[in-house]
Amino acid sequence: MAYPKQGPYPTQPQPQVAGYPPQQQAGAYPPPEQGGAYPPPQGQQPPPPYYPQQGPPPPQAQQQVTTTVIQAQPAFIPVPVSFGEYPVTITDSQGRQVQTRLEYRVGSTTHLIACVICLFGWLIFLPIALFFWVPYLLDGTKDVYHIHPIDGSVVGVYRRR
């Protein structure tokens with residue numbers, strides 16, 4: 001079913017209401033700005049400004065203000081240090097920067113290497129097994145202990161794996 005074609009709707013002029021700005025015609029440019037607002041209708045006063053103008057603030061009584069300054073001592077914050085095969089520089093609990101002293105001690109890696117030498121020495125060639133003691137002489141097979149140079153305490157350990 002088709003509906004009959006209708007033409008455009010007739011336009012009716014809008015009535016002008018006193019106190020409102022005039023309506024714009026379709027396609028017309030907006031009127032130029034007149035100081036940001038339209039003039040008030042005839043016979044009426046303009047509305048008061050939104051923020052009334054004020055004079056200087058009234059003087060206030062002087063109050064004495066006491067300021068207390070608290071100065072805190074910086075806290076000791078330990079920094080994680082990665083201990084390895086070489087000496088490291090650390091800051092101790094008294095704030096001194098010291099370099100650790102290294103001490104090599106026999107560890108599980110040393111014993112494991114000695115056992116492997118013995119096992120393969122007995123299986124392959126007997127005189128090689130007599131060299132099981134070599135890992136106990138080499139610092140490269142021992143654990144590394146980092147010692148504080150002043151008080152002699154152990155600061156960290158690097159275990160061979």
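## Exposure of the aromatic residues

In this predicted model, phenylalanine 131 has a relative accessibility of 46% and counts as partly exposed.

## The aromatic pair

A pair of aromatic rings is described by the distance of the centres and the angle of the planes. The structure holds 1 such pair. Its members are phenylalanine 131 and tryptophan 133, whose ring centres lie 6.2 Å apart. The planes of the two rings form an angle of 40 degrees, and the pair is tilted. The term follows from the angle, because planes under 30 degrees apart count as stacked and those over 60 as edge-to-face, with the rest called tilted.

## The open sheet

The model also contains an open sheet of 3 strands, in the order β3-β4-β5 and with antiparallel pairing. The edge strands are β3, residues 101–105, and β5, residues 154–158; each of these pairs on one side only. From one strand to the next, the twist averages 25 degrees.

Strand β4 comprises residues 143–147. Its antiparallel pairing with β3 extends over 5 bridges.

## Arginine 105

Arginine 105 has a bridge partner in β4, namely aspartate 143. Which ring has arginine 105 over its face? The ring is that of tyrosine 145, and arginine 105 lies at 4.1 Å from the ring centre.

Methods: Residues numbered from 1 in each chain as written. Predicted model: local features only at pLDDT ≥ 70, side-chain atom pairs only at ≥ 80, totals over all residues. Heavy atoms only, no water. Pairing = 2+ DSSP bridges. Helix = DSSP H or I, 4+ residues; strand = E, 2+ residues; numbered from the N terminus. Axes fitted to C-alpha atoms, helices over the stretch in contact; angles between N-to-C directions. Phe/Tyr/Trp six-rings, centres within 6.5 Å; stacked < 30°, edge-to-face > 60°. Buried < 20%, exposed > 50% of the residue type's maximum accessible area, 1.4 Å probe, protein only. Lys NZ or Arg CZ within 6 Å of the ring centre and 35° of its normal.
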